[in-house]
Amino acid sequence: MKFQHDVLFQAFDWDSSKYRGSSGNWYKKVLSNVGLLADMGVTMVWLPPPTDSLSKEGYLPRVLDKLESAYGSEGDLRELLSSLKKAGIHPIADTVLNHRCASFQGSNGAWTKFGGKYAWDDTAIVANDPSFPGRGHQSTGVPITIAPNIDHRQEFVQRDIIDWLQSLKEIGFEGWRIDYARGFSGEFVGKYINATDPYLCVGEFWDALDYDGGFLKENQDSHRTRICKWIDSTGKQSSAFDFTTKGILMQAVKNQEYWRLRDRKGKPSGLLGFWPEKTVTFIDNHDTGSSQQHWPWPPEKVMEGYAYILSHPGVPTVFWDHVFDWKLKDKIKDLIQTRKNFGINRASVVNIEKADGNGYVARVAAEEGSHSQIYIKIGPIDWAPSAERGWKIQASGPNYAVWGRTGVPKVREAFVLDTQFS
């Protein structure tokens, strides 16, 4: 099964396109750290948008077949992709499919004519685009205002996007991150997956969590259900970033509201409690953290967050800034190695034993009935499993600890229930 035991690494932040340090450009900076990432246990690397773009960060793509960007040249990119694959790491491209910037003005003076190999006109733009007059169909999602929203109902658009994605695979990419997945129907993402067979496809379906005034509601079922519906719309083929867990977990560690981490059925309260096999968890990314700070994690609680996502099902994501700028490499590596040593994967089984104002405790088994298990504790709670029953500390820090064992030892504790003292 693809990405069953994988760990994703986001190899850039919002300011990476500006880098002109000793390594040269950003691609060369990442290239110089491929060995370090492989040693950490990273198995997939998410790279920034690779194409020519109106914005240096890459999120206003223009000439799709021009792989020259602020991050480096096409030659630099090919060298990086080759190095990653030689290290056993799967490269994931950040693909911006919802919108595209034109290279020329149309007859009416609007910027609606596209350049390069995929030279579309205004029939590639949705009819209800709020800023750029299009002659395509009505949008199948929520349009943006800063660039032309592309009409994925057009067969020529589908054909060209598939051709472009296949060209990215030819140079070494193996999967896709779908930017702003709310902008168009997941039906088309499913078509692109069918045509290109990526190792991983993960969508950014980001909308607001549910609040009562300024209070985050305890029950976020409707929020995670909206993400599930998007996954369904792709033919159940794409994964999605777990923004539900991001919001809930951040609130829990910030305010000691660890009770938020268990839903009414006793399962994890984010997307990973509904559909762990399709979940990609994360702490921060180039939008939520970095210099943008749209929804940042409390800095002093970052390792609590990593202890949670790296010990739970789904595919966990590690962010560049936390490893290289915050100098958390060794602590994160300990958690990754623990995950791998005990076989924790995207479909592992979680048994939540405590979730209250003092902390959170869960036992996670590699699979149903497996004796390869870990215990995870986050929060100030004074708790530890019994060393006499084989539990050994694997990783720890302020307000978090992870223990592991691979069997159930025979000890003289006939009067002690394992479920009580473990």
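Residues are classed here by relative accessible area, with a 1.4 Å probe and protein chains only: buried means under 20%, exposed over 50%, and partly exposed in between. The structure is a predicted model, in which local features need pLDDT of at least 70 and side-chain atom pairs count only at pLDDT 80 or more, while totals for chains, interfaces and linings use all residues. Residues are numbered from 1 along each chain as its sequence is written, and side-chain values use heavy atoms, with hydrogens and water left out.

A salt bridge was assigned where a side-chain nitrogen of Lys or Arg lies within 4 Å of a carboxyl oxygen of Asp or Glu. Helices (H or I, at least four residues) and strands (E, at least two) are DSSP runs, numbered from the N terminus. Lys28 and Asp76 form a salt bridge through their side chains, at an N to O distance of 3.4 Å. Because Lys28 lies in helix α1 (residues 26-31) and Asp76 in helix α3 (residues 74-86), this pair ties together parts that are 48 residues apart in sequence. Asp76 is buried, at 12% relative accessible area, whereas Lys28 is partly exposed, at 32%. Lys28 also meets the side chain of Glu79 in a salt bridge of 3.8 Å, N to O. Here too distant parts of the chain are linked, with Glu79 in helix α3 and Lys28 in helix α1, 51 residues apart. Glu79 is partly exposed, with a relative accessibility of 40%.

A further salt bridge joins Arg264 to Asp221, with 3.0 Å between the closest N and O atoms. Arg264 lies in the loop between α7 (243-255) and α8 (271-274), and Asp221 in helix α6 (residues 221-233), so the contact ties together parts 43 residues apart in sequence. Arg264 is exposed, at 70% relative accessible area. Asp94, Arg177, Asp179 and Glu204 are linked in a network of salt bridges.

On a 1 Å grid over the protein atoms alone, a pocket is an open set of points where a 1.4 Å probe fits, with protein on both sides within 12 Å along at least five of seven lines; lining residues have an atom within 4 Å of a point. The largest pocket holds about 410 Å³ of space, the volume being that filled by probe spheres set on the points, which are joined across faces, edges and corners.

Strand β13 (residues 373-378) is largely enclosed by the rest of the structure, because six of its six residues are buried. Gln373, Tyr375 and Lys377 cover one side and Ile374, Ile376 and Ile378 the other, and all are buried. Strands are taken as paired if DSSP finds at least two bridges between them. Strand β12 (residues 360-365) runs antiparallel to β13 and is joined to it by six bridges, with Arg363 opposite Tyr375. Strand β15 (residues 400-405) also pairs with β13 in the antiparallel sense over six bridges; there Val402 is the bridge partner of Ile376.
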